[in-house]
Amino acid sequence: MTETSGPLLEAHGIEKRFGHVVALAQGDFQLAPNEVHAIVGDNGAGKSTFIKIVSGVYHADGGELRLDGSPITIDNPREARRLGIETVYQDLALADHLDAAANLFLGREAYLPGVLGWLGFLDRKTMRRRADEEMRRLKIGLKSVDQPVVSLSGGQRQAVAVARAIAWGRRIVIMDEPTAALGVRESSMVLELIKEVRSHGLSILMISHNLPEVFAVADRITVLRLGRTITTLNTKDTSLEAVVGMMTGAVNVAA
């Protein structure tokens, strides 16, 4: 994490209501350049709502987002992507019947130049080459980028989704429960992939219920409880037990 740089992304007093239900009452955090920042909390704490506001799925009812110190409005996922923010959702949003290369370019397909491109012919050679480059850059072991995604393991599928985010994300990658439903070996592979992503200069904002994994990769942890930000801690300065206490209310941060 870059210690001397100012915040890359900031949230101040973010609020979100669904009718009479307050999902987020006071969301605050600062994401530093080249940082892995985890947002943790019990079910209903507001984590997913927070992430969906930053990724443009939801529009905040109050508060402010800032990028490089300037106020921003993220009205939809396309605007988030324009700002260099990519999201890897828990369901991965992969097309099982397509290969890894096609999934990397899903919604951003490359077309052949000239008339053939106008007629809708894809430049599959370019897409395969770029996909292969991204997989090698992130040290993702696939036999071939031509493999259908449905034939891949859970960890490999997660890696393809992450590679897609890295290929297009210029600044920030949001990861929602990146190791959910994965075994121990595949979870370890994804954690190594997170470290590799950071080594390429991107910042990562992650949600996870798995606190040992959070402590393994995160530089800082923001704790949410009942829709409010309780505190943000340097991972090296706290403990898993202390974070659990803050999540549950057993530890009073103000005390």
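Helices (H or I, at least four residues) and strands (E, at least two) are DSSP runs here, numbered from the N terminus. This is a predicted model: local features need pLDDT of at least 70 and side-chain atom pairs pLDDT 80 or more, while totals for chains, interfaces and linings use all residues. Residues are numbered from 1 along each chain as its sequence is written, and side-chain values use heavy atoms, with hydrogens and water left out.

**Stop 1: Asp-68**

Select Asp-68, in the loop between strand 4 (62–67) and strand 5 (70–72). Its phi is positive, about 55°, although Asp-68 is not a glycine. Most residues other than glycine have a negative phi. With 47% relative accessibility, Asp-68 counts as partly exposed (buried means under 20% relative accessible area, exposed over 50%, partly exposed in between; 1.4 Å probe, protein chains only).

The side chains of Asp-68 and Arg-171 form a salt bridge, 2.5 Å from N to O (a side-chain nitrogen of Lys or Arg within 4 Å of a carboxyl oxygen of Asp or Glu). Arg-171 sits in the loop between helix 6 and strand 7, so the pair ties together parts that are 103 residues apart in sequence. Arg-171 is partly exposed too, at 28% relative accessibility.

**Stop 2**

Go to strand 1 (residues 9–18) and strand 2 (residues 21–31), which pair in the antiparallel sense over 7 bridges (strands pair if DSSP finds at least two bridges between them). Pick Leu-9 and you'll find its bridge partner, Leu-31, in strand 2. The hairpin has 2 residues between the strands, and Gly-19 there takes a positive phi near 65°.

Next, select Asn-34 in the loop between strand 2 and strand 3. This is a residue other than glycine with a positive phi, near 55°. Asn-34 counts as partly exposed at 24% relative accessibility.

What does the side chain of Glu-35 meet in a salt bridge? Show Arg-220: the N to O distance is 2.5 Å. The pair links distant parts of the chain, with Glu-35 in the loop between strand 2 and strand 3 and Arg-220 in strand 9 (residues 220–225), 185 residues apart. Both Glu-35 and Arg-220 are buried.

**Stop 3: helix 7**

Color residues 184–199. At 1.5 Å a residue, the 16 residues of helix 7 should span 22 Å, and its end C-alpha atoms are 23 Å apart, which agrees (the expected span is 1.5 Å times one less than the number of residues). Its buried residues include Val-190, Leu-191, Leu-193 and Ile-194, along with Glu-186 and Glu-196. The buried residues pack against several elements, among them strand 3 (36–40), helix 6 (154–168) and strand 8 (203–207) (contact means heavy atoms within 4.5 Å).

Is Arg-185 buried or exposed? At 71% relative accessibility, Arg-185 counts as exposed.

Asp-219 lies in the loop between helix 8 and strand 9, 21 residues from Arg-198. Just after the helix, Gly-201 has a positive phi of about 95°.

**Last stop: Phe-121**

Finish at Phe-121, in the loop between helix 4 (115–118) and helix 5 (124–137). Phe-121 is partly exposed, at 46% relative accessibility.
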